[in-house]
Amino acid sequence: MGQRLSGGRSCLDVPGRLLPQPPPSPPPVRRKLALLFAMLCVWLYMFLYSCAGSCAAAPGLLLLGSGSRAAHAPPALAAGPDGTAPRLPFPAAPATPPAAGQEPAEGAASQEEPSPESPDSPSSISSFFSGSGSKQLPQAIIIGVKKGGTRALLEFLRVHPDVRAVGAEPHFFDRSYDKGLAWYRDLMPRTLDGQITMEKTPSYFVTREAPARISAMSKDTKLIVVVRDPVTRAISDYTQTLSKRPDIPTFESLTFKNRSTGLIDTSWSAIQIGIYAKHLEHWLRHFPLGQMLFVSGERLISDPAGELGRVQDFLGLKRIITDKHFYFNKTKGFPCLKKAEGSSKPHCLGKTKGRTHPDIDRDVVRRLRDFYRPFNLKFYQMTGQDFGWD
């Protein structure tokens, strides 16, 4: 009846066994495990992606260092063929050297003491997420003034999740301008979209070339100036120098060209920096007044949350830094942060801040107040603010 198969059986007897059989289906447990593993991978990817922004934004968990706004910034400059940073398309204006035997009048050598910390140094987490951010040129700069409270302002601002800032003072627009914008940009920390890049170098305010140079980088740069009673500021400036050079002349001898006539020596940088109206004139030739914010160094101590509210409004940020972020340290006489960036512990400025001032002859202080009074009044008129120093 048909072809016989081995074993004596006919192909008609086993028709089904001649057709290919489908592979056996995996057990239900293995299918579920594979599906669970795939879902876990997707969840882990989404968590890591979101953490690149949320971990940087959470106060007390600021581990990504500092950064900048990824959008609305000029494109990166291409490096030269030899790998060096590109030069700007316009020449750098040469700085005027100080006269022999005098301190630099423009304050280029005057510098706030660097913070002993390095809050913008990269951590392992920031390195892991470095691909999700980019380095941008600063959209806002604290340009002055020395011994006015710039370090305190920067440290307070760093609490805000949308502010990323360089810890050290770059001194690009007064000392390193010839290195080019690409070099300057590389100093900035990586940031995510919507964050603001900031830096602070107090000597910019008294550097003649700085306004034009910053304007050439971006005419939209927002400028913040922390000002303080110029007499108190000068004494604080002298106190800082005295701590480094105990053999310098007395404050009184440096203040006057001729003590008997009462002629003030305006070539001394400690005196010249406090003539705010004179320096502001240079800036207003390149920036409108509305693009500058003048912060009171005195109110930054007495009402830090109030001044920080003005700064946040000026920068277009949500008011996140409030009274709850501060406590007053009676020993130092300064407000301190309850939680600093990247730490869950309270943080006060270093021991170099809040030094005890030497006693200055009252007659010297009175003559200095008389000297500064007309400049202060002009500064009030130019800014539309009365800082109450007179």
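The following legends describe close-up views of a predicted model. Residues are numbered from 1 along each chain as its sequence is written, and side-chain values use heavy atoms, with hydrogens and water left out. Local features need pLDDT of at least 70 and side-chain atom pairs count only at pLDDT 80 or more, while totals for chains, interfaces and linings use all residues.

**View A. The open sheet of five strands.** The strands are arranged in the order β3-β5-β2-β6-β9, and their pairing is parallel. Strands (E, at least two residues) and helices (H or I, at least four residues) are DSSP runs, numbered from the N terminus; two strands pair if DSSP finds at least two bridges between them. At the edges lie β3 (163–165) and β9 (292–296), each of which pairs on one side only. From one strand to the next, the twist averages 25 degrees.

**View B. Strands β2 and β6, with helix α9.** Strand β2 (residues 140–144) runs parallel to strand β6 (residues 222–227), and four bridges join them. Isoleucine 142 has isoleucine 224 as its bridge partner in β6. Helix α9 (residues 276–284) packs on the sheet and touches β2, β6 and β9, where contact means heavy atoms within 4.5 Å. The direction of helix α9 makes about 160 degrees with that of β9; axes are lines fitted to C-alpha atoms, for helices over the stretch in contact, and angles run from 0 to 180 degrees between N-to-C directions.

View C. Lysine 147 is found in the loop between β2 and α3 (150–157). Its relative accessible area is 9%, so lysine 147 is buried (buried means under 20%, exposed over 50%, partly exposed in between, with a 1.4 Å probe and protein chains only).

View D. Arginine 233 and aspartate 237 meet through their side chains in a salt bridge (3.1 Å, N to O), a term for a side-chain nitrogen of Lys or Arg within 4 Å of a carboxyl oxygen of Asp or Glu. Because they are four residues apart in helix α6 (residues 230–244), about one helical turn separates arginine 233 from aspartate 237. Both residues are buried.

View E. Aspartate 370 forms a salt bridge with arginine 366, with the closest N and O atoms 3.4 Å apart, and another with arginine 373, at 2.9 Å. Aspartate 370 is partly exposed, with a relative accessible area of 37%.
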